[in-house]
Amino acid sequence: MAESVTAPSDPKALIFDLIGTCCDWYSSILPALQAAPSIPALPANVLPQLAADWRAGFFHEVDTRRQAGQPLEDIDVTHRRVLNWLLLERGVTPAQWDDGVRNALVMAWHNQKSWPDVADALERLKQKHFVVVLANGSTRLQLDIIKSSGLSFHTLFSSQLLGKTKPDAGIYRKALELMQVSQSEAIMVAAHAYDLRAAKKVGMSTVYIKRSTEDLTENTGTLRKDVDFFIDGTKGSKDCGLGELATILGA
């Protein structure tokens with residue numbers, strides 16, 4: 001059930017994060033790791049943790065580069081570098097998993113399924129609101145994910161396209177500027193607390209969608225206080241998560 005201090009107002013734009021919020025990256029990445037050549041250094045029981053560490057390592061690397069003022073880079077390059085580090089730590093050599101294997105794993109991020117509650121809810125929401133993506137990564141990654149997941153948005157804003165990385169305030173302001181929508185007319189929807197805290201500082205309303213794969217180290221009690229609206233998206237049905245948001249907004 002959704003929780004809030006006040007229900008979200010009727011916005012002009014709903015701005016969505018993509019990976020983790022709308023799409024279940026884990027259901028693509030774990031099978032890709034399992035399909036890679038079997039080696040003693042990576043028995044099957046450690047692959048779920050490798051997948052989780054890859055995701056966490058990506059977040060850490062992106063934010064480290066942002067804080068250091070380093071230029072944006074292709075998300076595939078970032079994913080490959082983090083994967084190389086993780087494999088090196090686990091004693092996996094290039095002879096065991098060569099460039100072909102590693103590149104195929106990186107490309108698995110381009111092929112994702114949506115969470116069960118997302119597709120129908122987006123179609124409902126699009127009847128009343130601008131429904132867009134604002135996410136770190138490349139436009140090509142977003143296009144591939146939209147194609148593989150079957151999801152539909154009015155437009156896609158990537159960090160590559162806008163030249164800034166979340167949670168930089170400038171990326172939210174640029175998306176709003178391009179849509180000619182004010183902060184008070186937009187809601188940021190994400191499964192990541194850092195994203196929503198940044199959007200709220202810009203003046204946007206925030207909706208947190210709880211997902212089983214995201215924010216595993218966040219304090220839920222603190223998180224609930226930091227966002228305007230908290231919705232459980234872990235039930236695996238069309239009526240939870242974004243389905244519940246669409247109902248609340250009268251879509």
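Q: Where does Lys 166 lie, in terms of the helices α7 and α8?
A: Helices here are DSSP runs of H or I with at least four residues, and strands are runs of E with at least two, numbered from the N terminus. Lys 166 lies in the loop between α7 (159-162) and α8 (169-179). This is a predicted model, in which local features need pLDDT of at least 70 and side-chain atom pairs count only at pLDDT 80 or more, while totals for chains, interfaces and linings use all residues. Residues are numbered from 1 along each chain as its sequence is written, and side-chain values use heavy atoms, with hydrogens and water left out.

Q: Is Lys 166 buried or exposed?
A: A residue is called buried under 20% relative accessible area, exposed over 50%, and partly exposed in between, using a 1.4 Å probe and protein chains only. Lys 166 has 2% relative accessibility and therefore counts as buried.

Q: Which side chains does the side chain of Lys 166 join by polar contacts?
A: A polar contact is a pair of N or O atoms within 3.5 Å; within protein, one must be able to donate a hydrogen and the other to accept it, and residues adjacent in sequence count only if both atoms are side-chain atoms. The side chain of Lys 166 has such a contact of 3.1 Å with that of Asp 17, and another of 2.6 Å with that of Asp 195.

Q: What partner does Met 188 have in β8?
A: Two strands pair if DSSP finds at least two bridges between them. The bridge partner of Met 188 in β8 is Thr 206, and four bridges join the parallel strands β7 (residues 186-190) and β8 (residues 205-210). From β7 the chain crosses through helix α9 (residues 193-202) to β8, in a right-handed β-α-β crossover; right-handed means that, with the strands pointing away from the viewer, the path from the first strand over the helix to the second runs clockwise. β8 also pairs in the parallel sense with strand β9 (residues 229-232), over four bridges, and there Ile 209 has Ile 231 as its bridge partner. A right-handed β-α-β unit is made by β8, helix α10 (residues 220-226) and β9.

Q: Which residues make polar contacts with the side chain of His 110?
A: His 110 is placed in the loop between α4 and β4 (113-114) and is buried, with a relative accessible area of 6%. Its side chain has a polar contact of 2.8 Å with the side chain of Asp 76, and one of 2.8 Å with the side chain of Asp 144.

Q: How many disulfides does a search of the whole structure find?
A: A disulfide is a pair of cysteine sulfur atoms within 2.5 Å, and the search finds zero. The sulfur of Cys 23 is 6.2 Å from the closest cysteine sulfur, in Cys 22, which is too far for a bond.
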